[in-house]
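User: Hey, I've got this one open and I'd like to go through it with you. Can you take my questions as they come?

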Amino acid sequence: MIGCGNGAPDDVPDLVPVSGKVTMDGKPLSDAQVEFEFKGEGGGLSLGKTDSKGNYSLQFGSGTHAGAKVGEHLVRIKTEWSGTDEQGNDVKIEETVPEKYNWNSELTVTVTEEKSSGYDFELTSE
């Protein structure tokens, strides 16, 4: 685990590794962003992206520290993305995940020190 340090703004809170798998209708959901928003004091956001098998691991804050805070999190899973491709063209990928898993998420999870993997989410398109 990473320590809290002396309380300076750049300090990283205590984090634990978090990984899991996301499926949609029983199939791996690739290229989805997984967000764990800490619901406790001080907040905080950990992010990950699923690979072709639906697997993800989280990075806290700016992405330089692996893991998430211990405690309850609101979880959002989304595929929508907009930006530019390698050629400088504007690109927008439409959302394929129902709102109840992202913008209006009903997903919560409690991260514990004892469990670092198996934070799996089985989504349905209905």
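User: Where does pLDDT stay under 50?
Analyst: Over residues 1-9, for which the model has 16 contacts beyond four places in sequence. pLDDT is the predictor's confidence in each residue, from 0 to 100, and a contact means heavy atoms within 4.5 Å. This is a predicted model, so local features need pLDDT of at least 70 and side-chain atom pairs count only at pLDDT 80 or more, while totals for chains, interfaces and linings use all residues. Residues are numbered from 1 along each chain as its sequence is written, and side-chain values use heavy atoms, with hydrogens and water left out.

User: And what does the protein average?
Analyst: A pLDDT of 88, with 90% of the residues scoring at least 70.

User: OK, the core. How many residues are in the largest nonpolar one?
Analyst: The largest nonpolar core has 21 residues, and Phe 36, Ile 77, Phe 121 and Leu 123 have the most contacts inside it. Such a core is a set of buried Ala, Val, Leu, Ile, Met, Phe, Trp, Tyr and Cys residues joined through side-chain atoms within 4.5 Å. Buried is under 20% relative accessible area, exposed is over 50%, and partly exposed is in between (1.4 Å probe, protein chains only).

User: Which strands each supply at least two residues of this core?
Analyst: Strand 1 (19-24), strand 3 (33-38), strand 8 (71-78), strand 11 (107-111) and strand 12 (121-123). Strand 11 gives the largest share, three residues. Strands here are DSSP runs (E, at least two residues), numbered from the N terminus.

User: What does Ile 77 touch?
Analyst: Not counting residues up to four places away in sequence, Ile 77 touches Val 22, Leu 29, Ala 32, Gln 33, Val 97, Tyr 101, Asn 102, Leu 107, Phe 121 and Leu 123.

User: Switching to loops. Where is Asp 25 found?
Analyst: Asp 25 is in the loop between strand 1 and strand 2 (27-28). Its phi is positive, about 55°, although Asp 25 is not a glycine.

User: Why does Asp 25 count as partly exposed?
Analyst: Because its relative accessibility is 43%. Leaving aside neighbours within four places in sequence, Asp 25 is in contact with Leu 123, Thr 124 and Ser 125. Asp 25 and Thr 124 are 99 residues apart in sequence, yet 4.9 Å apart in space, C-alpha to C-alpha.

User: What's phi for Asp 31?
Analyst: Near 55°, a positive value in a residue other than glycine. Asp 31 lies in the loop between strand 2 and strand 3, and it counts as exposed because its relative accessibility is 51%.

User: On to pockets. What volume does the largest pocket have?
Analyst: About 220 Å³. A pocket is an open set of points on a 1 Å grid over the protein atoms alone, where a 1.4 Å probe fits, with protein on both sides within 12 Å along at least five of seven lines; lining residues have an atom within 4 Å of a point. Points are joined across faces, edges and corners, and the volume is the space filled by probe spheres set on them.

User: Which residues line the largest pocket?
Analyst: Among them are Asp 31, Leu 47, Lys 49, Glu 80, Trp 81 and Ile 93. The largest share of the lining, three residues, comes from strand 4 (residues 45-49).

User: Last one: what does Val 91 touch?
Analyst: Val 91 touches Trp 81, Ser 82, Gly 83, Thr 84 and Asp 85, not counting residues up to four places away in sequence. Val 91 is in strand 10 (residues 90-93).

Technical notes:
Helices (H or I, at least four residues) and strands (E, at least two) are DSSP runs, numbered from the N terminus.
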